[in-house]
Amino acid sequence: MARVGFIGLGNMGGGMAANLAKHGHDVRAFDLSAEALDRARAAGCVPVASAAEACDRADAVVTMLPAGRHVESVYADSVFGAAPVAALLIDCSTIDVATAKRVAESAAAKGFAMVDAPVSGGIAAANAGTLTFMVGGTDDAFARAKVYLAQMGKAVIHAGASGAGQSAKICNNMVLGAEMIATCEAFLLADKLGLDPQKFFEIASVSSGQSWSLTSYAPWPGVGPETPADRDYQGGFATALMLKDLKLAMEAAASVGADTPMGARAADLYQRFADAGNGALDFSAIVRLLDGKGTVKV
């Protein structure tokens, strides 16, 4: 098995690092949070004192960081100077396309192979090892990265050259954000029209209104499979993270002159919801904003 440096052990990274350890890798884990390091130790990882130490003698380095500025800083200040040139670099953060390409170019100039590999699936999938990875990089780098990514996910797809993984991620989540809002609107309308939410779910889930947001992640409590809606919208994919991805999508759209009115409206609504103090709630809780009453009747 390989020695893997893992930097960033938050809600997503912690589960991902644990799965690599379960597959027998020597995972040297670093995070600024002492609690995150304790969880990593309990999951079979070896906590270390710095990002640079995590990279020491690593066969691969995986990063899962909050934003582009963190990625650029960690790679420039720690990874490039501490990791062996033969190490494969895998950034699983969701960041802007321009930064992803810039860091990959810096890596290539120093002799490293690198991929951007953002994820889809949320906390539960990170813990269960059932994430989807969309990967940008060369064919050779993708082939090397797939070995590790397949141990953390159920699907690993090569999207194209460096930056393509980030492009795929923000486009996918723009669909998800707008789709969830439409799903919430439909449940609210059905309820106001006197239609039982369970009956609406049963009909729409096998009709043309079917979508992942409805069938697998229903925003209405008590219908379909268990979702954060059944836990008062706790856990899952935080509103603040959805807003982050929508903002990245809007920035990307502006950079290439793409017209995205539905994405823009979704971003506006999630901004309002987050500004009202709901950033930590699951993104499906946007139904509360649309409801206008702060609660959803069951």
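**Exercise 1.** Locate Asp232 and determine whether it is buried or exposed, or in between.

*Solution.* Asp232 is placed in the loop between helix 10 (212-215) and helix 11 (239-256); helices here are DSSP runs (H or I, at least four residues) and strands likewise (E, at least two), numbered from the N terminus. The model is predicted: local features need pLDDT of at least 70, side-chain atom pairs count only at pLDDT 80 or more, and totals for chains, interfaces and linings use all residues. Residues are numbered from 1 along each chain as its sequence is written, and side-chain values use heavy atoms, with hydrogens and water left out. Next, Asp232 has a relative accessible area of 45% and is partly exposed (buried means under 20%, exposed over 50%, partly exposed in between; 1.4 Å probe, protein chains only). Finally, its phi is near 55°, a positive value in a residue other than glycine. Most residues other than glycine have a negative phi.

**Exercise 2.** Describe the interface of domain 1 and domain 2.

*Solution.* Begin with the bounds: domain 1 spans 3-161 and domain 2 spans 167-291, as given by an automatic or database domain assignment. Then count contacts (heavy atoms within 4.5 Å): 13 residues of domain 1 touch nine residues of domain 2. The area buried between the two domains is about 820 Å², with 63% from carbon and sulfur atoms; this is the accessible area (1.4 Å probe) lost on putting the two parts together, summed over both. On the side of domain 1, Thr94, Val97 and Met134 lose the most area to domain 2, together 49% of what that side buries.
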